[in-house]
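Okay, everyone, thanks for coming. Let me put the structure up and walk you through it.

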Amino acid sequence: MENQRIRHALIIMVFGTFFGLLCSTLMNIALPTFMNVFHISEAQVQWVTNGYMLVNALMIPVSSFLIKRFPFKNLFIVFSGIFLIGTIAGAVAWNFNLIVIARMIQALGAGMMMPLVNVLAIRYAKPGKKGQIMGIIGLAFNCAPILGPAISGFLLHFFSWRYLFLLIIPFAVATLFLSFFFLPAISHNEHPQFNTLALILITAGLWSLLMGLSNVSNNPLISFNVAGYVLIGLLFLFSFFLNQRHSNKQLINFGIFTHKQFVLATIINMLITATMYGNAILIPLLVQIVLGKSTVVSAIAVLPGAILTGLLSTTSGHFYDIYPIKILVGAGLIIDILGTIGQAAIGARSSVIMITLFQTVRQFGLVTMLIPLQTQALSLLPNEIVPDAVATFNTLRQIAASFGTALIVAIVGIVNHLVHNPSSHLGIQAGFILCLCLLLTSLYLSTKLYHKISSQVKLENG
């Protein structure tokens with residue numbers, strides 16, 4: 001009976017989380033549309049996606065405290081409701097600033113749903129089945145962000161941008177209904193204290209850093225809008241680090257960083273995630289601005305890769321229970337690198353067919369390794385620190401998505417500015433080359449992953 005209750009909870013929560021993650025990239029193909037409708041620049045329009053991911057990232061550290069303090073059912077209902085409010089606000093927004101605010105409210109809700117699913121799965125999955133369970137969750141975590149651009153491309157061809165919000169409303173309502181009536185009440189047994197100062201410090205630090213990176217393409221590097229914001233961000237983050245080291249009310253439990261495989265898998269995941277989300281912006285810019293094609297063509301370019309991701313997500317999770325992690329991640333990275341080389345070398349000057357081919361190759365590589373990496377990071381840890389590890393893993397994943405996107409967009413803007421052509425393929429190629437560099441770094445780091453759990457436990461326990 002208990003297993004059935006947990007299974008029902010996971011199904012409902014994965015359903016809701018899927019649409020929260022879908023929204024993380026649903027606006028990517030709409031960026032050129034927003035630029036035209038509201039007469040804004042690339043640096044401004046990226047806040048539709050970066051603002052979402054940053055608030056998502058800032059919400060996740062709070063999740064560790066909330067999961068320990070409140071029942072799963074109550075948390076999921078409240079934050080599903082917040083997500084619905086943000087979605088409705090976006091649908092009725094009348095200017096660009098309100099769209100960004102609505103996206104941030106959406107992110108507030110979605111940012112809590114993600115760690116709830118992870119913690120529930122890792123805590124209650126049977127030994128030897130964790131990879132399979134995480135593969136099911138991977139349908140939401142890895143398939144939804146890839147499907148976002150494909151869905152929005154078709155919607156924008158026939159309807160206005162408001163339908164990118166209107167589409168989500170019925171599913172958000174369904175999630176809230178199912179949660180209220182069918183989600184089991186899973187109790188909590190801890191009463192931690194919350195560190196408000198730490199949240200303020202990390203919020204200010206990450207926001208300032210992202211502001212600096214977002215301004216790179218439109219401002220000199222040695223200016224307050226770039227170097228000033230980056231310096232302020234680093235100072236706030238250093239203050240956050242000092243606060244956490246000397247506080248008994250930790251927002252992030254730094255003890256998890258003593259587990260080497262968690263750290264290694266998290267870093268590799270961050271690098272890969274940065275390329276995945278950066279690529280989700282590069283493809284629409286390439287197809288719509290450089291090649292001058294429609295949003296439907298943009299959607300078609302990413303659709304085969306999205307379908308492949310959905311089909312293989314559960315399989316890749318199951319592979320973790322069978323094959324060495326080093327083999328899975330290494331193979332996935334090599335495939336991803338080959339696709340990225342194709343994008344960087346000829347994709348930006350080629351046909352839509354070639355762009356689609358290289359993107360599909362990349363997605364095949366990504367889906368091979370993302371779920372095994374996440375399982376490797378979380379499944380080797382003691383149960384009592386899993387909520388902290390989940391919060392940290394997802395926070396860093398979202399930070400990587402947000403900062404990776406900002407950096408890649410900045411590189412595109414800088415190169416296009418240098419060649420005095422905002423529609424040049426050279427900026428897009430530079431973005432692909434940056435992705436390639438991040439993947440090559442990941443490939444080197446993947447050689448240090450361990451497979452045997454017993455050996456790793458011995459290593460980490462000294």
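So, confidence to begin with: mean pLDDT here is 79, and 85% of the residues get to 70 or more. pLDDT, for the record, is the predictor's confidence in each residue, from 0 to 100. Numbering runs from 1 along each chain as its sequence is written, and side-chain values use heavy atoms, with hydrogens and water left out.

Where pLDDT is low, the predicted coordinates should not be read in detail.

Next, the salt bridge. We call it one when a side-chain nitrogen of Lys or Arg is within 4 Å of a carboxyl oxygen of Asp or Glu, and that rule gives a count of one. It's aspartate 336 with arginine 362, 2.7 Å from N to O. The pair ties together distant parts of the chain, 26 residues apart: aspartate 336 is in α14 (325–345) and arginine 362 in α15 (352–379). Buried or exposed, this aspartate 336? Buried, because its relative accessible area is 0%, where buried means under 20%, exposed over 50%, and partly exposed in between, with a 1.4 Å probe and protein chains only. Arginine 362 is buried too, at 1%.

Another buried residue is asparagine 243, at 15%, in helix α11, residues 224–245. Leaving out residues up to four places away in sequence, asparagine 243 touches Asn195, Leu197, Ala198 and Leu201.

Last up, aromatics. Rings of Phe, Tyr and Trp (its six-membered ring) pair if their centres lie within 6.5 Å; planes under 30 degrees apart are stacked, over 60 edge-to-face, the rest tilted. The whole structure has 15 such pairs. One of them, phenylalanine 224 with tyrosine 229, is tilted, 5.0 Å centre to centre with 50 degrees between the planes. Tyrosine 229 counts as partly exposed because its relative accessibility is 22%. And Phe34, Phe38, Phe96, Trp161 and Phe165 make up one aromatic cluster.

How values were computed: Predicted model: local features only at pLDDT ≥ 70, side-chain atom pairs only at ≥ 80, totals over all residues. Helix = DSSP H or I, 4+ residues; strand = E, 2+ residues; numbered from the N terminus. Contact = heavy atoms within 4.5 Å.
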